[in-house]
Amino acid sequence: MKLTMPSLLKKLRKYNFRQYAQFLFCVTFSVLLVTSYAVMLYSTLVQRTFPEGGDSRKQIWMIFAVALLGCLIFIMYSTSLFLKYKSRETGVFLALGAKKSYLAKQLTNEILRLMGSCILMGIIGGIGIALLIWQLCKLFLKDLESMVFGFTLNGVFIGIAFGMSALVLVLIQVILFAKRTDVMEILYHHQKNEPLKMVNKRNGVFGVLMLFSGLFLGFVVPMIAGTVFNRNLSGIWSVTYLLSLVGIYRIMTYMIMKNKPGKNPQHYYNRLISSSMMKFQGRQMVRNMSITVLLLAAAMFSSFYAPQLSTANQPVLKSPVDYGLHYPATEDEIDKKDLNHLAKEYGVTISDYREIVFSELLASGVERDWTDDGKLIETHVEDYQLADFIDSTTFNKQTNNQVSLNQGQYYKVNFTEQAESFYEKNDDLDQVTNPLTKQKLKLRFKGTIECQELTNNGNQRYILNDSDYQMIRAGLSKEYQNQQILFNVSDLEASYPFAKAVYKQFVDQASKKMAVSKEYDRYQHAKALAENRQANGLSSMNLSEESRDLMEYWKYYPTIKIIYQKEFVRNTFVFFLVFIYVAVICLAAVGVILYTRSATMGIMNKQLFDDLKRLGANNQYIKQCITRQLNMIFIVPAVVATVLISVFTGLMFWMNDNQLSSSEISAAKMDVAIVLMIAAFLGIIYYASMRKIKQILDI
């Protein structure tokens with residue numbers, strides 16, 4: 001049999017199967033992760049759930065961008081390893097007289113075939129994984145059976161675009177590799193080290209300062225500029241976050257290069273071999289550790305969203321009232337007779353039943369907006385919005401409070417631990433107007449009252465002095481009155497079937513006038529139509545007891561504690577799915593990167609460890625050297641990522657409302673548990689990596 005160059009290359013591919021398998025796995029895995037998440041992200045279900053331009057959608061794209069960057073860098077890293085393996089055989093062929101152009105062409109064609117198959121398998125696998133996960137979710141969560149995933153091609157296009165981008169970057173690496181002219185350089189390219197310049201302690205300190213300066217400048221300064229100086233910094237200011245990236249790189253560099261003789265020289269000499277190994281591979285180590293920090297931080301940030309979301313309904317669950325129904329007084333809605341009938345049917349005992357009537361009046365307010373050059377504009381508007389008002393005597397009687405108001409004063413009703421909004425201040429109201437008689441009343445802000453049972457998706461609510469209330473509401477028709485029903489049940493947990501029946505009847509009896517979103521204001525809507533302009537809020541919603549949008553967006557959504565508790569997962573599942581999904585992607589990428597880096601470290605240093613054995617080093621010493629290096633690439637990035645994201649989350653909690661609410665404290669406790677779970681995951685990868693290196697070194 002004649003041995004030709006193609007047949008020889010084929011034999012080499014078979015002989016070096018492990019190197020090819022590693023490259024194929026890394027590229028396919030990266031494309032699969034990106035495609036699966038893109039398919040999920042661009043599904044109709046997710047696109048309908050996350051509002052366009054909302055903070056949640058921005059956070060998703062920010063985390064996804066980090067994951068994309070990490071996967072691209074990982075592909076480039078795996079390509080560099082593959083080319084290192086190919087360098088020796090390429091150098092041998094050149095030394096034997098093979099033409100460089102022929103070898104370059106063969107290598108390029110081989111890479112194109114490998115990348116093409118990886119991209120195809122990754123896209124098909126990504127689509128399958130996304131659909132499989134959705135089906136598993138529906139299998140284990142019966143409440144999701146009515147939801148439709150809504151597969152679209154946009155996610156597939158994202159996967160293809162990512163694959164093509166990776167292909168271009170890989171081909172650039174191949175071209176640069178093929179342009180090498182020195183045969184010896186190519187031959188020993190797989191043994192080439194990438195040392196870093198020596199650094200001192202100052203570099204590490206500057207790295208830490210740059211890390212936190214990026215957070216301060218990127219997150220805190222815009223908040224201060226808006227709240228203190230009434231200035232809106234342009235989007236370009238976000239580039240200050242890049243300081244944190246530079247800081248991470250400098251910290252990783254310092255950690256690799258810091259080993260020097262100090263007060264304990266023996267400690268330095270004990271670590272000399274392991275630290276020197278890391279220094280000789282410094283650039284690779286620092287790049288891997290830096291991208292690991294980013295991916296871990298992204299995974300933690302997206303994982304932290306779940307506790308924040310899960311504790312968001314704590315104020316409702318801690319309310320002293322189990323059931324709260326509010327609706328316009330003109331509506332033929334569920335009443336006490338209907339409730340008693342349902343209670344009898346479901347064996348529920350109703351207690352503390354109350355009915356409260358609010359007067360709907362025109363409240364003044366302040367419109368706040370930013371100019372193109374970042375200046376805050378505040379415009380006082382006399383007829384800003386319709387709001388609900390009640391007199392202090394009725395409020396005290398119905399809520400067991402002791403509120404006292406002089407004429408001309410008012411309290412604003414807030415939910416538990418409600419923070420003041422930047423765009424709507426608690427004291428914006430300074431005048432109230434009767435919408436029918438146009439009678440006006442000047443008011444002064446006295447304070448806020450936390451009364452969870454009186455807050456809902458509807459109007460803002462205020463308390464007035466008794467005489468002021470009677471005067472301003474004179475001549476008001478029933479059309480400008482809202483009614484609220486409040487009551488408790490003897491056994492809340494057992495009342496779930498009753499609650500479902502109440503909710504169904506409430507939704508079924510709601511007229512088209514009630515089918516509006518919480519931003520809808522009928523006065524402003526009529527005014528906008530008269531002025532031929534777009535009004536805020538949806539004037540028509542699909543009222544169905546199966547609709548997931550009602551809890552979040554319906555103006556008259558009833559506050560039924562047991563429904564919030566039981567159906568919370570169903571109504572917020574998509575949020576959990578998207579954020580947890582991207583966290584899993586980031587962690588999967590981290591696991592593969594760390595495991596691959598660990599195995600590469602063992603392969604590249606195998607000759608050195610063999611030499612150490614010949615010089616008398618025992619297996620225990622070899623294991624210590626390996627452990628020190630693994631500690632560096634596992635523990636240091638994990639600690640930096642944890643500190644980074646913990647500080648950022650703490651700043652976010654505090655800067656949003658200048659307080660730490662009980663729900664945020666509960667979320668922080670859950671965050672600690674998540675960090676421990678991520679640490680356990682890293683521990684598993686650490687153990688697997690250690691076993692792999694021991695296998696490579698035969699110890």
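Just after helix H22, Gly616 adopts a positive phi of about 115°. Helix H22 spans residues 606–614, and its buried residues (under 20% relative accessible area, with exposed over 50% and partly exposed in between; 1.4 Å probe, protein chains only) are Phe609, Asp610 and Leu612. Viewed down the axis of H22, these buried residues fall within an arc of 160°, so they line one face of the helix; the arc is that of the directions from the helix axis to the C-beta atoms. In general, an α-helix has 3.6 residues a turn, so residues three or four places apart point the same way.

The structure is a predicted model, in which local features need pLDDT of at least 70 and side-chain atom pairs count only at pLDDT 80 or more, whereas totals for chains, interfaces and linings use all residues. Residues are numbered from 1 along each chain as its sequence is written, and side-chain values use heavy atoms, with hydrogens and water left out.

The protein chain contains 24 helices and 10 strands, taken as DSSP runs numbered from the N terminus (helices: H or I, at least four residues; strands: E, at least two). Of its 699 residues, 51% are buried. The chain exposes about 33,700 Å², of which carbon and sulfur atoms supply 59%; accessible areas come from the Shrake-Rupley method with a 1.4 Å probe, and for residues only the protein chains shown count as cover. Among contacts (heavy atoms within 4.5 Å) with a separation of 6 or more, 83% are between residues 24 or more positions apart.

The largest nonpolar core comprises 122 residues, and those with the most contacts inside it are Tyr37 and Met252. Such a core is a set of buried Ala, Val, Leu, Ile, Met, Phe, Trp, Tyr and Cys residues joined through side-chain atoms within 4.5 Å. Helix H21 (residues 568–604) gives the most to this core, with 20 residues. A second, separate core of 34 residues includes Leu325, Val502, Val507 and Ile560. Neighbours within four places in sequence aside, Met252 is in contact with Val286, Met289, Ser290, Val293, Val636 and Val640.

Side chains of opposite charge can pair when their charged atoms come close. A search of the whole structure finds 9 salt bridges, each defined by a side-chain nitrogen of Lys or Arg within 4 Å of a carboxyl oxygen of Asp or Glu. In one of them, Arg368 pairs with Asp428, with the closest N and O atoms 2.8 Å apart. Arg368 lies in strand S2 (residues 350–370) and Asp428 in the loop between strand S4 (409–414) and strand S5 (431–433), so the pair ties together parts that are 60 residues apart in sequence. Arg368 is buried at 13% relative accessibility, and Asp428 is buried at 11%.

Glu382 forms a salt bridge with Lys440, the closest N and O atoms being 3.5 Å apart. This pair joins strand S3 (residues 376–391), which holds Glu382, to strand S6 (residues 440–442), which holds Lys440, and so ties together parts that are 58 residues apart in sequence. Glu382 is partly exposed at 39% relative accessible area, as is Lys440 at 43%. In a further salt bridge, Lys527 meets Asp383 at 3.0 Å, N to O. Lys527 lies in helix H18 (residues 522–530) and Asp383 in strand S3, so parts 144 residues apart in sequence are tied together. Lys527 is partly exposed, with a relative accessible area of 25%, whereas Asp383 is buried, with 17%. Finally, Glu360, Glu479 and Arg522 are linked in a network of salt bridges.
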